[in-house]
Amino acid sequence: RKRVAVLISGRGSNMTALIAAAADPAFPATIALVVSNRPDAAGLAAAAEAGIATAVVDHKPFGKDREAFERVLDETLRAADIDIVCLAGFMRVLTPWFVERWTGRMLNIHPSLLPAFRGLDTHARALAEGVRLHGCTVHFVVPELDAGPAVIQAAVPVMPDDTPESLAARVLTQEHRIYPAALALVASGAVTLGADGRIAGLPQAQADGAV
Ligand code: GAR
């Protein structure tokens, strides 16, 4: 089984979904480590309760030196013999130096149907645009922010009376479903990121857009 580190900054509900999925012995990955860049992240306690090793790499002491922070993060992951990194509400932009070290082995979940609504405040922006469908994307991480190819996407309807909070809750339910499914595809080796930057091995239903 592939050894996975989940990187968080906060609540950690996607982390919890990954831990729950990986509790099945048939799942092709084990959650070996949870790392937070914030010592007060609520997800750290949830991970510890689930018996998962945790680490804190606080970005604050490194100030503006992103690479110094990332060197410690990288060492932490390598010391734990990590194969795959899952960003799950990890709210630090990673430099090309770090991303390139983990290319093809790092996933992120983003709360929009990429390439729509890269960046922050996706639900409020979706409501402001008046889109009728919104959703979430699990994608391979590439140096450009929120730009990597999608492994799985899920769509939800936007309701007339939605607030950013109600829409976020509807999307989050789908995040918890597709992140474990996408990790299983990558950890099993079924889906890979090719040298050409494109995804190989997607099941036909996914390639056709049906989730
Ligand atoms: C999730 O909705 C995730 O998609 C989003 O933050 C939330 C974290 O929740 N990620 C981003 O916005 C990344 N830019 P969680 O800590 O409960 O998983």
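**Exercise 1. Find out which residues H110 touches, and where H110 sits.**

*Solution.* Start with the contacts, where contact means heavy atoms within 4.5 Å. Leaving out residues up to four places away in sequence, H110 touches F117, R118, G119, T122, G135, C136, T137, H139 and D146. Next, locate the residue: H110 is found in strand β5 (residues 106–110). Helices (H or I, at least four residues) and strands (E, at least two) are DSSP runs, numbered from the N terminus. Then check the surface. H110 counts as buried because its relative accessibility is 3%; buried means under 20% relative accessible area, exposed over 50%, and partly exposed in between (1.4 Å probe, protein chains only). Finally, turn to the record: an unreviewed UniProt entry lists H110 for "active site". UniProt positions are given in the numbering used here, feature names are shortened, and annotations may be inferred rather than shown by experiment.

A word on the model before going on. This is a predicted model, in which local features need pLDDT of at least 70 and side-chain atom pairs count only at pLDDT 80 or more, while totals for chains, interfaces and linings use all residues. Residues are numbered from 1 along each chain as its sequence is written, and side-chain values use heavy atoms, with hydrogens and water left out.

**Exercise 2. Work out the strand order of the open sheet, and name its edge strands.**

*Solution.* Walk across the sheet: its seven strands have the order β3-β2-β1-β4-β5-β6-β7, with mixed pairing. Two strands pair if DSSP finds at least two bridges between them. The edge strands, β3 and β7 (150–157), each pair on one side only. Now zoom in on one pair: β1 and strand β4 (residues 84–87) are parallel over four bridges.

α1 lies across β1, β2, β4 and β5, running at about 155° to β2. Helix α3 (residues 66–79) lies across β1, β2, β3 and β4, at about 150° to β2. For these angles, axes are lines fitted to C-alpha atoms, for helices over the stretch in contact, and angles run from 0 to 180 degrees between N-to-C directions.

**Exercise 3. Show which residues of helix α2 are buried, and what they pack against.**

*Solution.* First, list them: in α2 (residues 42–49), G43, L44 and A47 are buried. Seen down the axis of α2, its buried residues fall within an arc of 105°, so they line one face of the helix. The arc is that of the directions from the helix axis to the C-beta atoms. The packing partners of the buried residues are β1 (2–8), α1 (13–22), β2 (29–36) and β3 (54–56). Just after α2, G51 takes a positive phi of about 80°.
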